[in-house]
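Please look over this model with me. My notes follow, point by point.

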Amino acid sequence: DLIVIFVRFLTLPDAERAALAAYLDKGGPFISCRTSSHLFNYRDERKNTVNEAFPKKYFGTYYQGHHGHRGSQVNYVSQKDHPITRGVRSGFWTSDFLYIANDLPDFCTPLMLGKSLDGRHAATFIAPVEPGQNWILAKDDAARINTQGDAHPVVWTISNAITPRGVVTTIADDNDFALDSVKRLYINAIYWSLDRDSEIPTAGSMLK
């Protein structure tokens, strides 16, 4: 019914890669997580025909880099009325380093944006977000710091002739799954991918 893809730099046998492509080509719902933007790492003739082309076709982008292993990110809900973002708190910090995801093709709809934070200190969102502004954050020691660089999508949906309901997110660091907003994000995404939006509560889904 649904496939969750969370892999990195695989060199699958052709038959196994073809099975994954066949599932996606038939419009099977999926959730693609973080490093799945670079799910393959073939070093032969498939390097140019598969490594980048596969994630671009199905997930909207290939891995374009990130803002540094010493960074972290703040995640802002830009589509507050979407079922996937129900109950997800806007402006929450995660220890992910921000992936570069601009510019996504037209079949991608961003639901959340992230900004890179210079440092891996947990931060609290304390200022309103306006396009083009740096966000002011307070670390645990109450010092104020600016974010760096451009905002990038961190959650987006896929909807085109191939895929009626797919979800891609770059929020998937080990520590993230202890956060209620991340739990809601993923569980909501599962229900939405399966076309079961009506089962997502107003406050978002949580495990029993």
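**Notes on the model**

1. The lining of the largest cavity splits by class into eight nonpolar, seven polar and one charged residues. Here Ala, Val, Leu, Ile, Met, Phe, Trp, Tyr, Cys and Pro count as nonpolar, Asp, Glu, Lys and Arg as charged, and the others, Gly among them, as polar. That lining has 16 residues; Ser-37, Thr-61, Tyr-99, Trp-156 and Thr-170 lie nearest the cavity centre. A cavity is a set of points, on a 1 Å grid over the protein atoms alone, where a 1.4 Å probe fits but cannot get out; lining residues have an atom within 4 Å of a point.

2. How much space lies in the largest cavity? About 90 Å³. The count is one cavity of 30 Å³ or more. Grid points are joined across faces, edges and corners, and the volume is the space filled by probe spheres set on the points.

3. On provenance: this is a predicted model, where local features need pLDDT of at least 70 and side-chain atom pairs count only at pLDDT 80 or more, while totals for chains, interfaces and linings use all residues. Residues are numbered from 1 along each chain as its sequence is written, and side-chain values use heavy atoms, with hydrogens and water left out.

4. The protein chain has four helices and nine strands. These are DSSP runs, numbered from the N terminus: helices are H or I with at least four residues, strands E with at least two. The order along the sequence is β-α-β-α-α-β-β-β-β-β-β-β-α. Of contacts (heavy atoms within 4.5 Å) with a separation of 6 or more, 69% join residues 24 or more positions apart.

5. Of the 208 residues in the protein chain, 49% are buried. Buried means under 20% relative accessible area, exposed over 50%, partly exposed in between (1.4 Å probe, protein chains only). Cys-33 is buried at 2%, and Cys-108 is buried at 8%. The structure holds zero disulfides, a disulfide being a pair of cysteine sulfur atoms within 2.5 Å.

6. A cis peptide bond joins Asn-102 and Asp-103, with omega about -10°. Asp-103 sits in the loop between β4 (92-94) and β5 (108-117). Phe-9 is not a glycine, yet its phi is positive, near 50°. Phe-9 lies in the loop between β1 (3-5) and α1 (14-25) and is partly exposed at 34%. Asp-195, also not a glycine, has a positive phi of about 60°. Asp-195 falls in the segment after α4 (180-193) and is exposed at 54%.

Terms used: On a 1 Å grid over the protein atoms alone, a cavity is a set of points where a 1.4 Å probe fits but cannot get out, and a pocket is an open set with protein on both sides within 12 Å along at least five of seven lines; lining residues have an atom within 4 Å of a point.
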